[in-house]
Amino acid sequence: MIGFRVTGARADPHAAAPTIVFGLRIEEPSGAHIHAIALQAQLRLEPARRRHDPDEQHALGEVFGEPGRWGQTLRPLHWADVARMVPAFEGSTEIDVAVPCTYDLDVAASKYLHAMRDGAVPVRFLFRGTVFVASERGFSVSMLPWDREAAFDLPVATWRATMDAFFPQQGWLRLGRDVLDALVTFKSSRALPTWDAVMRELLGAEAIKERRRKEALS
């Protein structure tokens, strides 16, 4: 029976877009010669398996509502779907699984990861796929059992390092075209040099200072 274990995670500094690479150990104890596995994995964040401090609870209000309702609303969040061909092996093998990441804060999983300050985020891998087993008569083909999965605690520092490699001290917002046009006009009319300056003008300098003060104390 094929089993899976996630052994670690690291940011990929050479990827074209933010990417976390997970180490995956695959074991097949019967001694069969596995010719290949067409492997697919769905990754889900499991916030119910982690404690959240008051700042995180406040930041996650848009995702889960008031903390008093979290007993009903704190559900797993879909993060990513990835596919990987596993080459031939006997007994066990280890491969890398690259997971592209987005900083789009309209995506619930990105909102959740952005709100985390430290510690680790519980992630569950749900596996499916097709197994090709070599034999004297050729190949036999079977599907992975539906219950193949693995749990892993992703360090928040790994996710932040991944994002900082591409967006150092930055984040991204998706805006409607009419809102973006209005911001461009506002920026030009005030002769503001950067988009940070536009936001500071709109939010007020004190709000920015208070946010930085809270981050320094956390």
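Apart from its neighbours within four places in sequence, R50 is in contact (heavy atoms within 4.5 Å) with E56, Y112, M116, D118, G119, A120, P122 and V156. The model is predicted, so local features need pLDDT of at least 70 and side-chain atom pairs count only at pLDDT 80 or more, whereas totals for chains, interfaces and linings use all residues. Residues are numbered from 1 along each chain as its sequence is written, and side-chain values use heavy atoms, with hydrogens and water left out.

R50 sits in the loop between β2 (19-45) and α1 (54-59). Helices (H or I, at least four residues) and strands (E, at least two) are DSSP runs numbered from the N terminus. The side chain of R50 makes a polar contact of 2.6 Å with the side chain of E56. Such a contact is a pair of N or O atoms within 3.5 Å; within protein, one atom must be able to donate a hydrogen and the other to accept it, and residues adjacent in sequence count only if both atoms are side-chain atoms.

The side chains of R148 and D147 are joined by a polar contact of 3.2 Å. With neighbours within four places in sequence set aside, R148 is in contact with M1, I2, G3, F4, F125, L126 and F127.

Helix α4 (residues 108-115) is largely enclosed by the rest of the structure, because six of its eight residues are buried. Buried denotes under 20% relative accessible area, exposed over 50% and partly exposed in between, with a 1.4 Å probe and protein chains only. The buried residues in α4 are A109, S110, K111, Y112, L113 and A115. They pack against β2, α1, α2 (61-64), β3, β5 (120-135) and α5 (156-166).

Nine aromatic pairs are found in the whole structure. Rings of Phe, Tyr and Trp (its six-membered ring) pair if their centres lie within 6.5 Å; planes under 30 degrees apart count as stacked, over 60 as edge-to-face and the rest as tilted. F64 and Y112 form an edge-to-face pair, at 6.2 Å centre to centre and 75° between the planes. Since F64 lies in helix α2 and Y112 in helix α4, this pair ties together parts that are 48 residues apart in sequence. The rings of Y103 and F167 have centres 6.1 Å apart and planes at 40°, so that pair is tilted. Y103 belongs to the loop between β4 (89-100) and α4, and F167 to the loop between α5 and α6 (177-189), so the pair ties together parts that are 64 residues apart in sequence. Ring pairs also link F4, F22, W79, F125, F127 and F152 into a cluster.

| Residue | Relative accessibility |
|---|---|
| R50 | 13%, buried |
| F64 | 3%, buried |
| Y103 | 8%, buried |
| Y112 | 0%, buried |
| R148 | 17%, buried |
| F167 | 17%, buried |

The structure holds one cavity of 30 Å³ or more. On a 1 Å grid over the protein atoms alone, a cavity is a set of points where a 1.4 Å probe fits but cannot get out, and lining residues have an atom within 4 Å of a point. The largest cavity contains about 30 Å³ of space, and L39, Q40, A41, V82, A83, R84, V97 and F127 line it. The elements giving two or more residues to this lining are β2 and β3 (77-86).

Conventions. 1 Å grid on protein atoms, 1.4 Å probe; cavity = no way out; pocket = protein on both sides within 12 Å on 5 of 7 lines; lining within 4 Å. Points joined across faces, edges and corners; volume = space filled by probe spheres on them.
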